[in-house]
Structure formats: C-alpha cells, structure tokens
Amino acid sequence: MPTVERFGVSMDASLLKSFDGRIKKAGYRTRSEAVRDIVRNYLVEDEWQDEEAEVVGTVTLVYNHHQRELDHTLNDLQHKYHDAITCATHVHLDEHNCLEVIVIRGSSKNVRTISERLISTRGVKHGKLVCTTTGRRLS
Ligand code: NI
C-alpha cells in the first residue's frame with residue numbers, strides 16, 4: 001500500500017468557491033480526488049517536455065473522404081510510421097465525413113512529429129493529439 005500524506009492548502013475564498021463549483025460539475029466527490037487528477041495531469045504534461053520519455057498519444061482526425069488523395073495520404077503516413085502506430089479506428093460519421101482515431105507510442109519527440117504530420121495533412125478539418133505517458137524513458 002502506498003503511503004498517503006495529507007497537506008493543507010491556503011487559497012483565496014473566491015478562488016476556492018470557483019474550484020468547488022467546477023469540480024462538483026465535473027463529478028468529483030471530494031477536493032482530494034480533483035487535486036490528485038490535476039497533479040497527475042500536470043506531471044504528465046511535464047513528462048511530455050522530455051523528448052526521450054516514452055509516451056502514448058491518441059490522434060483524432062476528422063476529414064472529408066471525397067477530398068482527392070486524402071485517404072491515400074493518411075494511409076501512406078500510417079504505413080510509413082507503422083513501428084509507432086499501435087492501432088487505428090475508422091468511423092464513417094456520415095455520407096461525407098470520416099473520423100479516425102490513431103494510437104501512437106514512442107518517444108515524445110516522435111509521437112509529436114507523427115501526430116503533426118497527420119493533423120497538418122491537407123484536407124483534415126480537425127485534428128487533436130491527446131497525451132499520456134508510460135512513465136518510462138527510452139534512453
Ligand atoms: Ni469513412
């Protein structure tokens with residue numbers, strides 16, 4: 001069992017009121033739960049600054065599949081980076097639009113580069129990278 005430590009936090013009353021309102025809306029039962037998640041998120045973001053940290057990113061792309069060559073380009077990119085791309089899921093959103101979720105694992109530097117290549121592909125309407133980490137370093 002990990003040791004649990006308690007600590008006190010001093011804060012402006014109005015700031016705390018806003019925080020309580022926000023975390024209640026988000027579904028947290030206690031401030032401790034919310035603070036733990038915020039701290040973890042802060043640390044994950046920090047790990048992403050380390051270019052050799054092993055990270056996992058999910059890239060969500062929305063694009064129009066009628067756009068010439070776009071399907072091909074996205075597919076070619078995924079084959080090019082097959083070592084890092086763990087899996088991909090394709091959803092046909094409607095008659096025209098496709099959504100693709102691509103899971104990429106590797107150094108934070110590589111994952112960022114691959115995701116930027118995918119998101120910046122001409123014709124991609126919206127793309128976003130969501131990051132997490134494995135807690136390991138690759139070198
Ligand atoms: Ni589709």
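Reader: Starting with charged side chains, which residue does the side chain of Arg 40 meet in a salt bridge, and how should I read such a pair?

Author: The general idea is that side chains of opposite charge can pair when their charged atoms come close. In this structure, which is a predicted model, the side chain of Arg 40 meets that of Asp 37 in a salt bridge, with 3.0 Å from N to O. Both residues belong to helix H2, which runs over residues 31-49, and they stand three residues apart, about one turn of the helix. Arg 40 is partly exposed at a relative accessible area of 49%, and Asp 37 is partly exposed as well, at 33%.

Reader: How many salt bridges does a search of the whole structure find?

Author: The search finds six salt bridges. One of them joins Arg 29 to Glu 33, whose closest N and O atoms are 3.0 Å apart. Arg 29 sits in the loop between H1 and H2 and is exposed, its relative accessible area being 74%.

Reader: Which parts of the chain does the pair of Glu 54 and Arg 136 link?

Author: The side chains of Glu 54 and Arg 136 meet in a salt bridge of 3.1 Å, N to O. This pair links distant parts of the chain, since Glu 54 is in strand E1 (residues 53-64) and Arg 136 is in strand E4 (residues 124-137), 82 residues apart. With a relative accessible area of 6%, Glu 54 is buried, whereas Arg 136 is partly exposed at 48%. The pair also belongs to a network of salt bridges in which Glu 54, Arg 105 and Arg 136 are linked.

Reader: Turning back to helix H2, which of its residues are buried, and which are exposed?

Author: A way to read a helix is to look at its length and then at its sides. H2 has 19 residues and reaches 28 Å from its first C-alpha to its last, which is close to the 27 Å expected at 1.5 Å a residue. Ala 34, Val 44 and Trp 48 are buried in H2. Because these residues cover an arc of only 90 degrees around the axis, they fall on the same side of H2. On the other side of the helix, Tyr 42, Asp 46 and Gln 49 are exposed.

Reader: What covers the buried residues of H2?

Author: The cover includes helix H1 (13-26), strand E1, helix H4 (108-119) and strand E4. A residue of helix H4 lets you follow this in detail: Ser 108 is found in that helix, and it counts as buried at 1% relative accessibility. Leaving out residues up to four places away in sequence, Ser 108 touches Trp 48, Asp 50, Glu 51, Ala 53 and Val 55; Trp 48 is also among the buried residues of H2.

Reader: Which residues are the protein donors of the nickel ion?

Author: To read a metal site, look for the atoms that face the ion and then for their places in the sequence. The protein donors here are NE2 of His 90, ND1 of His 92 and SG of Cys 98, lying 2.0 to 2.4 Å from the nickel ion. Along the sequence, the donor residues follow the spacing H-x1-H-x5-C. His 90 is partly exposed, with a relative accessible area of 32%, while Cys 98 counts as buried at 4%.

Reader: How many disulfides are there, and how far is the sulfur of Cys 87 from the closest cysteine sulfur?

Author: The count comes to zero disulfides, where a pair of cysteine sulfur atoms would have to lie within 2.5 Å. The sulfur of Cys 87 lies 16 Å from the closest cysteine sulfur, that of Cys 131, so the two are too far apart for a bond. Cys 87 is partly exposed, with a relative accessible area of 38%.

Reader: Lastly, where is Glu 69 placed, and what is its phi?

Author: As background, most residues other than glycine have a negative phi. Glu 69 has a phi near 70 degrees, a positive value in a residue other than glycine. Its place is in the loop between E1 and helix H3 (70-80).

Methods: Residues are numbered from 1 along each chain as its sequence is written. This is a predicted model: local features need pLDDT of at least 70, side-chain atom pairs count only at pLDDT 80 or more; totals for chains, interfaces and linings use all residues. Side-chain values use heavy atoms; hydrogens and water are left out. Donors are N, O and S atoms within 2.8 Å of the metal (3.2 Å for Na, K and Ca); water is not among the atoms, so sites may look incomplete. Buried means under 20% relative accessible area, exposed over 50%, partly exposed in between (1.4 Å probe, protein chains only). A salt bridge is a side-chain nitrogen of Lys or Arg within 4 Å of a carboxyl oxygen of Asp or Glu. Helices (H or I, at least four residues) and strands (E, at least two) are DSSP runs, numbered from the N terminus. The expected span of a helix is 1.5 Å times one less than its number of residues. The arc is that of the directions from the helix axis to the C-beta atoms. Contact means heavy atoms within 4.5 Å.
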